[in-house]
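Me: Could you walk me through how the two chains in this model sit together? I'd like the cut-offs spelled out as we go.

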Protein chains: 2
Amino acid sequence: MGAPFNYDVLDLTDEQVDAEVRVFGALTAAVRRLNEATLRTTVDHATVEEVRRQVEELTARLEKSMIPDNFGVSFTKGGRIRGYGNAVVGIRNPNAVPLTVVQDKVNGRASAEFELNALHEGPPGQVHGGVVALVLDQVFGEAAAAGGSPGMTGTLTLRYRLNTPLGPCSAEAWVDRRDGIKTIVKGELRRADGTVTVTAEGIFILPRWAREEIAKNGGTPPQFE
Amino acid sequence: MGAPFNYDVLDLTDEQVDAEVRVFGALTAAVRRLNEATLRTTVDHATVEEVRRQVEELTARLEKSMIPDNFGVSFTKGGRIRGYGNAVVGIRNPNAVPLTVVQDKVNGRASAEFELNALHEGPPGQVHGGVVALVLDQVFGEAAAAGGSPGMTGTLTLRYRLNTPLGPCSAEAWVDRRDGIKTIVKGELRRADGTVTVTAEGIFILPRWAREEIAKNGGTPPQFE
């Protein structure tokens, strides 16, 4: 793995970025649907084995040329951010929910409406508590960034008040206050009918190791979007 | 979605369960590798589009026959637990890490060694804070179960002390104490060299809505394994 804050600046036009978003985004959406079918299918074993062999062939085609490790984050000269690998929002990450987070920079808020399905199950029919944490961590980080204080999770406290059935959900987070280099964010997860099921509080901070890495590379802190 | 605690008891032999674990487990492993290749590939757009079309065809084959919604948890008459959909450990869930959690029922502990890759990225080269929470929530829940008090996450507090680079990691959790129907679990995430990067504390409890559902169905609380 490279240095954590070695941000490349790439010479890609907006048209080239739009094309990669379209082409790779469509592949990722197709693979997400395959993920769910893999879990829910009841076809016979012979068919499953044949599909597996074909999945392996397709994987080999994609693996002929790959980036060495993780996707990382890069920027274009035109200011586009290529953070396609992010575990929650990455448009090229089939494991990502996916989540489209809307940042409100005037009020330091972030929100997202999304659908959780069979892939996100914990207790039967319910969203896994860890998936709730995964989603809220991302939305909370984006609220801190929207409020002008991008950082990483320092602490995160989640209170699970009610069950969250699989299906449509929403999350919202907002900057509650600042305390020196700390940004305190509060927020919640809601069922489709608006009932709050999980509340949380997080402290976001750009930790020393990250500030040192950024200074070493002559960079400025990233605005994750 | 059905009732959250409608646990079916199926008339499957151990041999049948072993066969489905083998056949569907192999498909899931293949799809996990496709997930990573989808994120990391640098093949040309025409190849990506051709692979996407073939993925769509394979998905259609699997979708010809599917369970209606989520996978749920079922049991066999022989006592096997089919929780294959779990978002963190499910052997049929391609989004699951996957994690093999070892429960120590004598000491009320649970631990797991696993590998996080490009699919789990947050800050460049680093594990997403939400993925840390996702993994720890599962391991913590299994520690509570190993200690004889299976339950759901009531609260979870995570302290991110150091960065966690992508690669091999481990997690461990243990029952710290009990307080009435609450089980207090502590634990941590470690880098491959044993350095603790995240510490956490959780309260696990079988919430009223779950106890009521279980009573309504005449069942007993599940021992998630």
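Predicted model: local features only at pLDDT ≥ 70, side-chain atom pairs only at ≥ 80, totals over all residues.

Reply: Residues are numbered from 1 along each chain as its sequence is written, chains are lettered from A and ligands numbered from 1 in the order in which they are written, and side-chain values use heavy atoms, with hydrogens and water left out.

Me: What is the area buried between chain B and chain A?
Reply: Contact here means heavy atoms within 4.5 Å, and on that basis chain B and chain A put in 86 residues each. Buried area is the accessible area (1.4 Å probe) that two parts lose on being put together, summed over both. Carbon and sulfur atoms give 63% of it, and the total is about 8,200 Å².

Me: Which helix or strand gives the most to the side of chain B that touches chain A?
Reply: Helices (H or I, at least four residues) and strands (E, at least two) are DSSP runs, numbered from the N terminus. Helices H1 (14-40), H2 (45-63) and H3 (129-146) and strand S6 (152-160) of chain B each supply at least two residues to that side. The top contributor, with 16 residues, is H1(B).

Me: How many salt bridges does the rule find across the interface of chain B and chain A?
Reply: The rule wants a side-chain nitrogen of Lys or Arg within 4 Å of a carboxyl oxygen of Asp or Glu. Across the interface, the number of salt bridges is four.

Me: Which residue stands opposite A:Thr155 in S6(B)?
Reply: Two strands pair if DSSP finds at least two bridges between them. Strand S6 of chain A (residues 152-160) and S6(B) run antiparallel and are joined by five bridges. Opposite A:Thr155 stands B:Arg159.

Me: In chain B, which residue has the C-alpha nearest the axis?
Reply: Superposing by least squares on the C-alpha atoms of residues with pLDDT of at least 70 in both copies, a rotation of 180° with 0.0 Å of shift along its axis puts chain B on chain A (RMSD 0.0 Å). That is how a two-fold axis relates copies. The nearest C-alpha in chain B lies 2.1 Å from the axis and belongs to B:Thr157.
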